[in-house]
Amino acid sequence: MGGTNLDVLAARHPELVDYYFGDGGERLHRLMADALQGGRDLPRGVPPQDMLAAAVERQRAIVTNLDQVDPFYRYELEIRTGAVGDLPWDTELGRWASAAYVQYQQLPDGQYSVLRLLPKSAESARLRPITISGRLEVTSGSPEHQAVENFVQFGTPFVDVPGTVTEVSGPPGVARSTPGQGRFQFMVAPESAADLPDLEIRLLDTTGATHHTLNLTDVELSNGLNGTGSWLSGYDQGGAVQFQFFVNGRDGDAVQLNAQSLTGKVPADVLPAVRLTADLGPGMGIMAAVRGGGPAVTPVWEMSDEPVTPVARWHVRLLEALIAIQRHTYQRITVPDVDATSTDDLDAILRVGRLLRGEHVEGTWSEIPLTVTSPENLPVGADEFTFAGLFPMTVRINGRDIALNMRRQIVYCAARLVEPAPAETDQAGGPLRLVPGSTDRAIITAVPDVTGPPRVGIGEA
């Protein structure tokens, strides 16, 4: 390329000349410093609306100048209130999938800055690459060491691994980043599985027939640094279980199921995945495949006695009870925090769920105090009789007493009257006491609600 062509290109793109041969870098640094300075130098003694307009105009001018200084990247600088350490990184970084570089810096007064560099063209990263060199520092055999090994083999994400940044290079906004020690987190790009079709999880029984299917969401795909291993991850639609597949590793293939917290989730949404987990066992196989009966995308792993299975089986009972309860109330039912819920409340939820599904629950009793309403209907002598009562049905979930549109009917199979003084039963309102007869057995069922207060009926056996 001759000098004349270079002169023409330079005339057409003065920002490139300024960037490489002039003071473009220093101008960029000054502009960034001005942006971080914020409103400290804004005029005083002006009306609030004028102050706001001046601040907005100043920030807009700085961003415009930043874009003009760097021919490869567009700069976005944002000042927020809060702490960098409190950010939800999965969600936060997913918002900027198109950014080439994002830097967070804690500022005084409870604020932090967010600097984003977005490529102006598809060639920006090649013409002006951004590179960060670092060294991960882990102890052999530690969980961090295993996380780094999985990263090297499969490209698996890791979090909170200690290390040191040794060198940073790139545009002026990046090059001044200071090397040093810190904690590293590797995340898969949000669009990593964009080319994959919709996937599903299949659980196969001992004959190879499909026993369960689950749609897979939030799918991520990554490859190891050595180019052979790969990692596929996804969640069921309710977010109850994470499924991770490790393919072509040095020791073969592997699958890992990670149970997620169910607290606050809708029981019907998470039940399918929990039920699949509860059915894992020897001879069962699991795989990922194209949704709707399509071909497999992973090998089939034969399962064994999985440690999550016993816990999942108990949760299936709890979720089925909560779903039954939801059918009989307008109040929203979500999964309680089982670690913060008393054993009595959990047992009550399971018991009410059984009743609402039509089961009979048996129990025992010792004594029931009553009030006489119809003296003429009282049984005479010590004869046994069957005693039945209808009571409101409620259940305590997440610290709330949930009223249901059913009644709890209790049938006391054998009861007898403790003989009161004659004057106490001659008129309504007198006390009455019942105790078990030949058996203390009671049968509890759920029956449709009736209008009016709880009723008690006594009939001879």
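Predicted model: local features only at pLDDT ≥ 70, side-chain atom pairs only at ≥ 80, totals over all residues.
## Basis

Local features need pLDDT of at least 70 and side-chain atom pairs pLDDT 80 or more, while totals for chains, interfaces and linings use all residues. Residues are numbered from 1 along each chain as its sequence is written, and side-chain values use heavy atoms, without hydrogens and water.

## A three-stranded sheet

Strands β4, β5 and β6 form an open sheet in that order, with antiparallel pairing. β4 (131-136) and β6 (180-186) are the edge strands; each has a single partner, so one side of each lacks a neighbour in the sheet. On average, neighbouring strands are turned by 55° against each other, direction ignored. Strands here are DSSP E runs of at least two residues, and helices are H or I runs of at least four, numbered from the N terminus. Two strands pair if DSSP finds at least two bridges between them.

Six bridges join β4 to β5 (residues 158-169). R135 lies opposite T164 in β5. Helix α7 (residues 143-154) packs on this sheet and touches β4, β5 and β6. Its direction makes about 65° with that of β5. Axes are lines fitted to C-alpha atoms, for helices over the stretch in contact; angles run from 0 to 180 degrees between N-to-C directions.

## Nonpolar cores

The largest nonpolar core has 65 residues. I201, F243, I286, I325 and L356 touch the most other members. Helix α10 (residues 309-326) gives the largest share, nine residues. A second, separate core of ten residues includes Y73, L77, Y101 and V174. A core is a set of buried Ala, Val, Leu, Ile, Met, Phe, Trp, Tyr and Cys residues joined through side-chain atoms within 4.5 Å.

I286 sits in strand β12 (residues 285-290). I286 is buried because its relative accessibility is 0% (buried: under 20%; exposed: over 50%; partly exposed: in between; 1.4 Å probe, protein chains only). Beyond four places in sequence, its contacts (heavy atoms within 4.5 Å) include I201, F243, L257 and W301.

## Salt bridges

The structure holds 16 salt bridges (a Lys or Arg side-chain nitrogen within 4 Å of an Asp or Glu carboxyl oxygen). R116 pairs with E78, with the closest N and O atoms 3.1 Å apart. R116 belongs to β3 (residues 111-119) and E78 to β1 (residues 73-81), 38 residues apart. R116 is buried at 6%; E78 is partly exposed at 26%. R74, E76, E78, R80 and R116 are linked in a salt-bridge network.

R441 and E362 meet at 3.0 Å, N to O. R441 is partly exposed at 34%, whereas E362 is exposed at 51%.
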